[in-house]
Amino acid sequence: MALYSSKTKCMLISNKQMSRIHNLDEQLLPISCGDTPLERTFCTKLLGVYMDQHLMWVDQVNNLLSSCYGTLTVLRRLKNLAPFQVRKTLTESLVLAEIVYASTVFYPLPQCQLKQLQRLQNASAGFILRKIPKTNDLKYLNWLPVIGSIEFSLMKVTHA
């Protein structure tokens with residue numbers, strides 16, 4: 001028990017309004033694991049998903065964008081060496097899978113965050129096609145737009 005008590009933290013989850021009304025950010029929580037008081041955290045990473053105390057998903061989307069754009073930067077170095085199908089497969093498995101992963105947890109996202117994710121998907125399509133993508137290019141690649149992918153994943157979970 002003592003081995004893991006140093007790694008264990010606590011987080012109080014509420015919405016912004018409730019937190020503001022009851023001053024939850026300043027509340028001291030006397031929670032302990034054995035004799036060790038638990039450190040309070042306001043954001044944590046759980047199974048690859050960044051969660052904050054208000055479930056706003058800003059950290060999740062920002063980390064996702066940073067990671068995926070970094071992956072695309074590395075893939076762009078290979079674009080002249082890799083044929084179309086290899087570029088498409090790499091992008092789908094390394095970038096698009098990241099966008100959809102755990103999307104059912106943080107659905108619905110604000111419109112501005114959905115636009116950021118859509119821009120990432122468009123940049124991915126541009127890498128594969130070696131041009132600035134148009135609306136029909138997503139259909140050519142057999143991709144749903146980001147919101148469609150997220151809603152499709154949500155439907156699979158709810159109707160399974």
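This is a predicted model: local features need pLDDT of at least 70, side-chain atom pairs count only at pLDDT 80 or more; totals for chains, interfaces and linings use all residues.
View 1. Phe84 belongs to helix 4 and Tyr140 to helix 6 (residues 135–140), so that the pair ties together parts of the chain that are 56 residues apart in sequence.

**View 2. Trp57 and Phe106, a tilted pair of buried rings.** A search of the whole structure finds two aromatic pairs, and one of them joins Trp57 to Phe106, with 5.8 Å from centre to centre and 45° between the planes. This pair links distant parts of the chain, for Trp57 sits in the loop between strand 6 and helix 3, while Phe106 sits in the loop between helix 4 and helix 5, 49 residues apart.

**View 3. The largest nonpolar core and its contributing elements.** This core has 28 residues, and those with the most contacts inside it are Leu72, Leu109, Leu117, Leu120 and Trp143. Strand 6 (49–52), helix 3 (58–76), helix 4, helix 5 (111–129) and helix 7 each supply at least two of its residues, and the largest share, eight residues, comes from helix 5.

**View 4. The surroundings of Leu120.** Leu120 is among the residues with the most contacts inside the largest nonpolar core. When residues up to four places away in sequence are not counted, Leu120 touches Leu65, Cys68, Tyr69, Leu72, Val95 and Ile99; of these, Leu72 is likewise named among the residues with the most contacts inside the core.

**View 5. The largest pocket and its lining.** The space in the largest pocket amounts to about 160 Å³. Its lining consists of Glu92, Leu96, Ala97, Ile99, Val100, Gln121, Asn142, Trp143, Leu144, Val146 and Ser149, which divide into seven nonpolar residues, three polar and one charged. Helix 4 (84–100) and helix 7 (146–158) each supply at least two residues of this lining, and helix 4 gives the most, with five.

Definitions and conventions
Residues are numbered from 1 along each chain as its sequence is written. Side-chain values use heavy atoms; hydrogens and water are left out. On a 1 Å grid over the protein atoms alone, a cavity is a set of points where a 1.4 Å probe fits but cannot get out, and a pocket is an open set with protein on both sides within 12 Å along at least five of seven lines; lining residues have an atom within 4 Å of a point. Grid points are joined across faces, edges and corners, and a volume is the space filled by probe spheres set on the points. Helices (H or I, at least four residues) and strands (E, at least two) are DSSP runs, numbered from the N terminus. Ala, Val, Leu, Ile, Met, Phe, Trp, Tyr, Cys and Pro count as nonpolar, Asp, Glu, Lys and Arg as charged, and the others, Gly among them, as polar. A nonpolar core is a set of buried Ala, Val, Leu, Ile, Met, Phe, Trp, Tyr and Cys residues joined through side-chain atoms within 4.5 Å. Buried means under 20% relative accessible area, exposed over 50%, partly exposed in between (1.4 Å probe, protein chains only). Contact means heavy atoms within 4.5 Å. Rings of Phe, Tyr and Trp (its six-membered ring) pair if their centres lie within 6.5 Å; planes under 30 degrees apart count as stacked, over 60 as edge-to-face and the rest as tilted.
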